[in-house]
Amino acid sequence: MTLRTARLLAGAYHLLMLFFVTWPGNVPFAKAEPLILGLPFSMAWIAAWISGSVIVMTLLDQVEKRNRVDHGSED
Amino acid sequence: MEQWIVVTIIISAYLALTLTIGLMAGRKQTSGVTGYVAADRSFGLLVMYFVTGASVFSAFAFLGGPGWAYSRGAAAFYILAYGALGMAPFYWIGPRIASLGRRHNYVTQAQLITGRFPSRNLSGLIALLSLIAFVPYVTLQMRGAGIVIEAVTDGNVPIWLGSAVSYGIVITYVLSAGAMAVGWTNTFQGIFMVVIAWALGLYLPHALYGGIGEMFTQIIAERPDLLTGPGLATNGEPWSWGAYSTFILVSAVGMMMWPHLFMKAFTAKDDDTIRRTVILFPTFQLFLIPVFLIGFSGVLFPGSPPSSDFILPFMILETNLPAVIVGLFCAGALSASMSTGDALLHASASVVVEDGVQQFVDLEERTQRRLMQALVLFTGAIAYVFAQDPDSSLVLLLASAYGIIAQFAPPVVAALYWRRATTSGVITGLLAGTATAFFFWQNPELKPFDMHEGIVGLLVHIPVLISVSLATPAQSEEHLDQFFG
């Protein structure tokens with residue numbers, strides 16, 4: 001994957017996250033049931049997006065690092 | 001031995017340990033301003049991670065978070081939602097700030113902004129707004145520390161004494177060692193806080209309801225409205241989506257603009273450290289889950305605390321936990337308060353001297369450092385006076401502090417990414433945004449869609465910044481090349 005695609009995808013993920021944790025994207029998911037791992041659905045929904053963010057940013061970092069090595073520069 | 005004595009002994013031991021770590025840390029640091037403010041740009045991943053995490057999670061998260069979960073249910077989830085959103089842009093912005101900091105020797109946020117938009121008045125304005133936002137924030141931390149100590153010692157150690165002792169210690173190590181002490185004590189306090197929060201958050205639902213799922217099933221049966229977003233407002237009525245969404249937005253925009261967090265980019269050893277911190281930061285955010293669980297465990301519990309902010313100490317005391325656990329919990333809550341308070345005190349002194357005073361009077365490095373230390377004491381004293389007054393409007397002040405802080409985002413982004421932005425554009429934008437936020441804070445009934453006043457402020461700020469910039473002559477290419485390098 002190129003650096004540009006990786007950055008776009010990481011940016012897109014967080015924009016989607018913003019949409020799905022605020023109005024109006026959050027409305028269908030702001031319900032108490034079903035419980036997920038014991039947690040209310042509304043809470044688990046946000047926790048899942050946060051966990052996704054860790055994964056997305058880790059993957060992005062892999063791509064960024066590979067690119068920095070290839071070009072041998074700091075930026 | 002009486003319970004409160006055991007608790008007091010544990011707290012004392014904890015405070016003594018914090019003080020030792022704080023004082024030891026400062027011995028390795030150089031005596032100049034870069035040493036005191038930016039810890040000689042030496043922080044590795046472990047310290048950066050906990051410095052950032054522990055500075056974000058304050059008495060507000062540790063006491064206010066469970067308080068919201070307890071009284072306002074799903075409304076509390078906004079605190080969970082904004083962290084990852086606010087941090088992600090720093091993956092790119094952070095290293096950029098750090099590289100400009102290394103090149104031009106910046107140690108504060110205003111230095112970066114005025115490096116691009118040279119103006120003493122802009123620098124002074126940023127210093128003033130930062131200080132206005134900082135004081136209520138420090139006050140809350142001190143009061144939080146005092147409340148916890150008073151609650152768990154059965155009132156034997158009153159608020160004035162508890163906050164005086166805990167913040168006496170904070171001020172001692174901030175004065176003597178600056179950024180290095182803040183870094184190492186936060187690492188210790190951060191680890192402590194996470195362990196205590198998870199242990200109690202998992203224990204209480206099990207002890208009281210037989211499990212987390214069981215607890216929520218019972219809450220849903222009795223209080224079906226509580227767990228449905230966006231939760232409840234302070235009056236118990238359903239909260240508005242406009243307020244919930246803009247609280248997330250303003251917190252995400254404002255979070256890294258807090259000078260004490262922004263300046264962390266200057267303390268990092270290298271860019272990889274900043275990037276790793278950004279990537280790992282959301283794991284710190286998940287630490288709010290057990291904290292919320294503690295709050296939720298109080299919902300169906302018989303009896304209620306004097307105010308929802310007391311729910312955490314209330315649950316700890318009412319469930320007859322052993323004195324050692326109560327003491328450890330108290331130390332965890334103090335960690336949350338002190339690890340934010342120290343960073344705030346340290347940053348406010350650095351900002352006022354570097355960006356305010358120093359712009360108008362030329363001071364020697366030695367004098368600067370002395371003045372910063374005097375200011376730590378001064379800010380601490382003001383906050384201490386406020387902390388003794390149970391004035392509920394301070395919570396409102398804190399919410400508005402975010403309205404001010406979020407206004408720093410457009411100047412920062414313009415400084416880093418928009419070559420056509422001008423000094424006049426940035427100053428008028430900042431004034432217009434802050435004035436709008438202040439106006440709607442004073443007149444909440446006029447807010448469109450119940451939006452947070454900081455967001456309304458940004459809606460005015462950004463167009464003003466852009467249009468005034470375009471209407472004024474562009475900065476010289478020479479200046480831009482010199483800044484960007």
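**Reading helix packing, contacts and backbone geometry**

Visitor: Within what distance do the axes of helix H8 (residues 120–152) of chain B and H18(B) come, and at roughly what angle do they cross?

Guide: Two packed helices are described by the angle between their axes and the distance between the axes. Here the axes of H8(B) and H18(B) come within 8 Å and cross at roughly 160°, where axes are lines fitted to C-alpha atoms, for helices over the stretch in contact, and angles run from 0 to 180 degrees between N-to-C directions. The helices themselves are DSSP runs (H or I, at least four residues; strands would be E, at least two), numbered from the N terminus. This is a predicted model, in which local features need pLDDT of at least 70 and side-chain atom pairs count only at pLDDT 80 or more, while totals for chains, interfaces and linings use all residues. Residues are numbered from 1 along each chain as its sequence is written, and chains are lettered from A and ligands numbered from 1 in the order in which they are written.

Visitor: What orientation and handedness do H8(B) and H18(B) have?

Guide: Angles under 35 degrees count as roughly parallel, over 145 as roughly antiparallel, 65 to 115 as roughly perpendicular and the rest as oblique. H8(B) and H18(B) are therefore roughly antiparallel to each other, and their crossing is left-handed, which applies when the near helix is turned anticlockwise from the far one by less than a right angle, with clockwise giving right-handed. Their contact has 22 nonpolar, eleven polar and two charged residues, where Ala, Val, Leu, Ile, Met, Phe, Trp, Tyr, Cys and Pro count as nonpolar, Asp, Glu, Lys and Arg as charged, and the others, Gly among them, as polar.

Visitor: Is the crossing of H22(B) and H23(B) left-handed or right-handed?

Guide: The crossing of H22(B) and H23(B) is right-handed. Their axes come within 7 Å and cross at roughly 160°, and the two helices are therefore roughly antiparallel to each other. Among the residues of H22(B) that meet H23(B) are B:Gly425, B:Gly429, B:Gly433 and B:Trp441, while those on the H23(B) side include B:Gly454, B:Gly457, B:His461 and B:Val468. The residues of this contact divide into eleven nonpolar, eleven polar and one charged.

Visitor: How many residues of chain B are in contact with chain A, and which helix of chain B gives the most?

Guide: The size of an interface is often given as the accessible area lost when the parts come together. Counted by residues instead, 31 residues of chain B are in contact with 25 residues of chain A, two residues being in contact if their C-beta atoms, placed from the backbone, lie within 7 Å. Helices H5 (77–87), H11 (212–222), H12 (241–255) and H15 (271–285) of chain B each supply at least two residues of the side that touches chain A, and H15(B) gives the most, with six residues. By class, that side of chain B has 22 nonpolar, eight polar and one charged residues.

Visitor: Which residues touch the most other members of the largest nonpolar core?

Guide: In soluble globular proteins, nonpolar side chains tend to be buried together. A nonpolar core is a set of buried Ala, Val, Leu, Ile, Met, Phe, Trp, Tyr and Cys residues joined through C-beta atoms within 7 Å; a residue is buried if 20 or more other C-beta atoms lie within 10 Å of its own, exposed if 12 or fewer, and partly exposed in between. Of the 186 residues in the largest core, A:Ile46, B:Tyr78 and B:Cys330 touch the most other members. The largest share of this core, 17 residues, comes from H18 (residues 323–360) of chain B. Leaving aside its neighbours within four places in sequence, A:Ile46 is in contact with A:Val21, B:Phe77, B:Leu80 and B:Ala81.

Visitor: Where are A:Pro24, A:Pro34 and A:Leu37 found?

Guide: Most residues other than glycine have a negative phi, and most peptide bonds are trans. In the loop between helix H1 (3–21) and helix H2 (41–71) of chain A lies A:Pro24, and the bond to this proline from A:Trp23 is cis, with omega near 0°. A:Pro34 lies in the loop between H1 and H2 of chain A, and the peptide bond from A:Glu33 to A:Pro34 is cis, with omega near 0°. A:Leu37, also found in the loop between H1 and H2, has a phi near 50°, a positive value in a residue other than glycine. A:Leu37 is exposed, because 9 other C-beta atoms lie within 10 Å.

Visitor: Is B:Asp450 exposed, partly exposed or buried?

Guide: B:Asp450 is partly exposed, because 16 other C-beta atoms lie within 10 Å. This residue is found in the loop between helix H22 (423–442) and helix H23 (453–471) of chain B, and has a positive phi of about 60° although it is not a glycine.
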